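These are my notebook entries on a structure that is new to me. I set down what I looked up, entry by entry.

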Amino acid sequence: MTGAVDLFGNPVDEPVTTGPAAPPINDMTLIEKVLQVAENTGYVLVGPSERVYHLVARKTIEVAPRPEEEAVHQLLTVKWLTKGGVHVYTHHGYEGPGNAVLVPKATKVKARQWRSLAPIPCSRKRKAS
């Protein structure tokens, strides 16, 4: 308690502070990979913590690697990906609900534009070993 009161004289609790925000992911190779997987095979969000899983078969999922999970959450935050409906999925014999991750049309268009761009040539020549 801070001893502060609101307009009606009720005591005000200290605000809950969260940890520092995760730094943004700037690895375009990872972002492009995540968008491609989301578009082709798909991701699923499971549980209250929204753990990210790969969709590997029709209703079967596997845990996604941590960097991909962070990229999916970043893309969800900036609305490049959206949460879809709830479906029942299977993971190692267990069944449970999960939200599908959807790729909006504008994101698909932008991802295709990125894929069609030529890579930037390297400015230094590498020594042959």
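**Entry 1: what H2 packs against.** I began with the buried residues of helix H2, which pack against helix H1 (28–40), strand S1 (43–46), strand S2 (51–55) and strand S4 (82–91). I note that the model is a predicted one.

**Entry 2: H2 itself.** I found that H2 spans residues 66–77, twelve residues in total. From its first C-alpha to its last, H2 reaches 17 Å, close to the 16 Å expected at 1.5 Å a residue.

Entry 3: Which residues of H2 are buried? I listed Glu68, Glu69, Ala71, Val72, Leu75 and Leu76. They lie on the same side of H2 because they cover an arc of only 165° around the axis. Just after H2, Lys79 has a positive phi of about 70°.

**Entry 4: H1 and H2.** I then looked up how the two helices meet. Their axes, those of H1 and H2, come within 10 Å and cross at roughly 80°. H1 is therefore roughly perpendicular to H2. On the H1 side, Leu30, Ile31, Lys33, Val34 and Leu35 make the contact.

Entry 5: In what order do the five strands stand? I read the order S3-S2-S1-S5-S4 in an open sheet with antiparallel pairing. Strand S3 (61–63) and S4 are the edge strands, and each pairs on one side only. Neighbouring strands of this sheet are turned by 40° against each other on average, direction ignored.

**Entry 6: S2 with S3.** I found three bridges between S2 and S3, which run antiparallel. Here Tyr53 stands opposite Val63 in S3. H2 packs on the sheet, where it touches S1, S2 and S4. The direction of H2 makes about 105° with that of S2.

**Entry 7: S4 with S5.** Lys83 stands opposite Val101 in S5. The two strands, S4 and S5, form a hairpin with two residues between them. In the turn, His92 has a positive phi of about 50°.

Conventions
Residues numbered from 1 in each chain as written. Predicted model: local features only at pLDDT ≥ 70, side-chain atom pairs only at ≥ 80, totals over all residues. Heavy atoms only, no water. Helix = DSSP H or I, 4+ residues; strand = E, 2+ residues; numbered from the N terminus. Expected span 1.5 Å × (residues − 1). Buried < 20%, exposed > 50% of the residue type's maximum accessible area, 1.4 Å probe, protein only. Arc of directions from axis to C-beta. Contact = heavy atoms within 4.5 Å. Pairing = 2+ DSSP bridges. Axes fitted to C-alpha atoms, helices over the stretch in contact; angles between N-to-C directions. Parallel < 35°, antiparallel > 145°, perpendicular 65-115°, else oblique.
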